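Please read them with the structure open.

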Amino acid sequence: KLPEVPTPVANYIPAKRTGNLIYIAGQIPVNNGVIQKGKLGQDITLEESKNATKLCAIGCLAAIKTICSLDKVSSIVAMHGLVNSTPENTEQADAMNGASDFVVEVFGEIGKHTRTAVGVSVPHNIAASVYMVVEIED
């Protein structure tokens with residue numbers, strides 16, 4: 001079961017289709033209406049950060065559903081993660097495994113994707129933000 005896509009608080013949309021690609025805006029980790037916050041290496045553990053990126057990926061799937069059903073997805077092309085972490089922390093790629101593993105679990109082979117994982121200071125101390133590009137069938 002996927003959550004409702006939050007209404008954007010700025011001038012953007014959650015997902016946009018161009019041709020056979022859907023670009024999903026950065027989704028944040030929300031669990032039962034609560035935003036997961038914290039900085040990897042300071043406030044939250046690696047496991048908590050992995051869970052945060054997984055929640056972001058769930059949000060991305062919900063955003064896809066605003067355009068089409070998930071069974072139309074033919075490839076998860078790319079996933080990009082912004083992991084809220086201290087400057088000294090080097091576990092961003094490990095944290096992004098929460099999102100990547102989840103997407104491959106859901107989609108199998110077509111869920112394998114290119115990826116970036118960057119450590120940043122995410123606004124409002126939100127634990128992570130993940131955005132995706134997916135290809136769909138007509």
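Is E109 buried or exposed? E109 is exposed, with a relative accessible area of 61%, where exposed means over 50% relative accessible area, buried under 20%, and partly exposed in between, computed with a 1.4 Å probe on protein chains only.

1. Basis of the notes. This is a predicted model, in which local features need pLDDT of at least 70 and side-chain atom pairs count only at pLDDT 80 or more, while totals for chains, interfaces and linings use all residues. Residues are numbered from 1 along each chain as its sequence is written, and side-chain values use heavy atoms, with hydrogens and water left out.

2. Overall fold. The protein has 2 helices and 7 strands, arranged along the sequence as β-β-β-β-α-β-α-β-β; helices (H or I, at least four residues) and strands (E, at least two) are DSSP runs, numbered from the N terminus. The radius of gyration is 14 Å, close to the 14 Å that the globule rule gives for 138 residues, so the protein is as compact as a globular protein of that length; the radius is taken over C-alpha atoms, and the rule is 2.2 Å times the number of residues to the power 0.38. The C-alpha trace spans about 45 × 30 × 25 Å along its principal axes.

3. Burial, contacts and surface. Of the 138 residues, 43% are buried. Among contacts (heavy atoms within 4.5 Å) between residues at least 6 apart in sequence, 81% join residues at least 24 apart.

4. Salt bridges. A search of the whole structure finds 3 salt bridges, a salt bridge being a side-chain nitrogen of Lys or Arg within 4 Å of a carboxyl oxygen of Asp or Glu. One of them joins R17 to D138, with the closest N and O atoms 2.9 Å apart. R17 lies in strand β1 (residues 15-18) and D138 in the segment after β7 (128-136), so this pair ties together parts that are 121 residues apart in sequence. R17 is partly exposed at 38% relative accessible area, whereas D138 is exposed at 72%.

5. The other two pairs. K50 and E47 both lie in helix α1, 3 residues apart, about one turn of the helix, and their closest N and O atoms are 3.6 Å apart in a salt bridge. K50 is partly exposed at 25% relative accessibility, while E47 is exposed at 53%. The side chain of E109, the residue of the opening question, meets that of K112 in a salt bridge at 3.1 Å, N to O, and K112 is partly exposed at 49%.

6. A charged residue without a partner. Side chains of opposite charge can pair when their charged atoms come close. K39, in the loop between β4 (34-35) and α1 (46-64), is buried yet has no salt bridge, and the nearest side chain of opposite charge, D43, is 6.7 Å away. Leaving out residues up to four places away in sequence, K39 touches I44, N84, S85, T86, S121 and N125.

7. A95 lies in helix α2 and is buried at 0% relative accessibility. A95 and K50 are 45 residues apart in sequence and 4.3 Å apart in space, C-alpha to C-alpha; the contacts of A95, beyond four places in sequence, are L40, L46, S49, K50, T53 and V83. N89, in the loop between β5 (73-84) and α2 (92-107), is buried at 11%, and its contacts beyond four places in sequence are L40 and G41.

8. Backbone points to check. Most residues other than glycine have a negative phi, and most peptide bonds are trans. N32, which is not a glycine, has a positive phi of about 55°; N32 lies in the loop between β3 (30-31) and β4 and is exposed at 76%. N125, also not a glycine, has a positive phi of about 60°; N125 lies in the loop between β6 (114-120) and β7 and is partly exposed at 31%.

Terms used:
Lys and Arg count as positive and Asp and Glu as negative; His and the chain ends are not counted.
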